[in-house]
Amino acid sequence: MRAKKSLGQNFLRDDDVIRRIVAALELSEEDTVIEIGPGRGALTEKLLETGARVLAIEIDREFVPALKVQFHFEPNFSVAEADVLETDFSSMLGGVDPAKTKLVGNLPYNISTPILQRLNDQRDLFSNIVLMFQREVVQRITARAGGKERGYLSVIVENAFTAQSLFDVSPKAFQPIPKVWSSVVRLTPKESVVNDDKLFRQLLSASFAQKRKTLLNNLKVRYKDAATILESAQIDGRRRAETLNLEEWKILTRAFKDI
Ligand code: SAM
């Protein structure tokens with residue numbers, strides 16, 4: 001079966017990378033792990049060796065029958081032919097203890113942002129999430145306040161997870177060989193600091209709309225009272241969005257909510 005570029009199909013062929021991803025999940029026999037995009041099953045095979053139950057989601061209908069054959073004798077394996085962006089993890093898991101539920105995926109890079117939004121909304125279901133993304137995406141996800149990579153995704157993720165960049169992966173670890181490096185990141189779900197999700201996301205997208213602009217200049221495009229609100233929140237509108245820490249986003253979201 002040929003790799004499909006449109007589905008981001010670069011298959012892992014480096015056993016050491018696979019071993020390190022599986023180790024990062026800290027799986028036991030009591031665990032259930034959702035695997036996004038098993039492809040040809042390289043990672044799946046090692047996940048099953050831990051004794052954990054593996055629930056795979058694969059969008060490519062050509063791979064699904066092959067996976068069923070490959071893992072026919074594995075009682076702990078099942079695969080759904082589905083788009084992960086339309087999958088309700090809760091009904092898939094059917095009430096499994098979140099402390100024993102994990103998620104892993106070597107993801108197509110074009111779905112990085114929507115999958116993170118989805119995981120954000122359903123993170124209560126998991127205790128440990130290990131994902132591989134393009135290295136630049138992991139740099140963005142883990143950027144702290146003041147860092148030049150800091151953006152919308154950094155703040156959204158920091159609000160919902162403790163994010164830890166684990167290791168980089170060379171293009172040579174894949175077949176076909178991609179143009180870019182990848183990185184593996186662990187996301188540990190946590191209680192959110194900012195709770196008003198809708199307003200928070202609106203504020204973030206307005207604030208980061210043009211990274212070179214100040215906070216005030218970005219915000220006033222969408223909110224005509226932006227200057228007054230920033231003042232009431234005691235946040236200097238001349239700052240740039242990437243300099244704000246999560247506590248300041250919380251203060252700002254509350255100030256915008258109160259108007
Ligand atoms: N896990 C395999 C590995 O490491 O060798 C394959 C990784 S490949 C980068 C990404 C996989 O995700 C492919 O099998 C692809 O078909 C699948 N995929 C792409 N988009 C998807 C989606 N929206 N939902 C579920 N699977 C998807």
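A quick word on conventions: residues are numbered from 1 along each chain as its sequence is written, and side-chain values use heavy atoms, with hydrogens and water left out. Since the model is predicted, local features need pLDDT of at least 70 and side-chain atom pairs count only at pLDDT 80 or more, while totals for chains, interfaces and linings use all residues.

Let's start with the ligand. Around the ligand sit 20 residues, and the closest are Gln-9, Gly-37, Glu-58, Asp-83 and Asn-106 (a residue counts if one of its heavy atoms lies within 4 Å). Here are some polar contacts, meaning pairs of N or O atoms within 3.5 Å:

| Residue | Protein atom | Ligand atom | Distance |
|---|---|---|---|
| Gln-9 | polar side-chain atom | oxygen | 2.8 Å |
| Leu-12 | backbone N or O | oxygen | 2.9 Å |
| Ile-59 | backbone N or O | nitrogen | 3.4 Å |

On its own the ligand has 600 Å² of accessible area, and the protein covers 97% of that (Shrake-Rupley method, 1.4 Å probe). Two elements give two or more residues to the shell around the ligand: strand 1 (11–12) and strand 3. Strands here are DSSP runs of E with at least two residues, and helices are runs of H or I with at least four, numbered from the N terminus.

Strand 3 (residues 53–58) also pairs in the parallel sense with strand 4 (residues 77–81), over five bridges; pairing takes at least two DSSP bridges.

Most residues other than glycine have a negative phi, and most peptide bonds are trans. Glu-26 has a positive phi, near 50 degrees, and is found in the loop between helix 1 (15–25) and strand 2 (32–36). Gln-175 and Pro-176 are joined by a cis peptide bond with omega about -10 degrees. Pro-176 has its place in the loop between strand 8 (174–175) and strand 9 (182–189).

Key: Polar contact = N/O pair within 3.5 Å; in protein donor to acceptor, adjacent residues only side chain to side chain.
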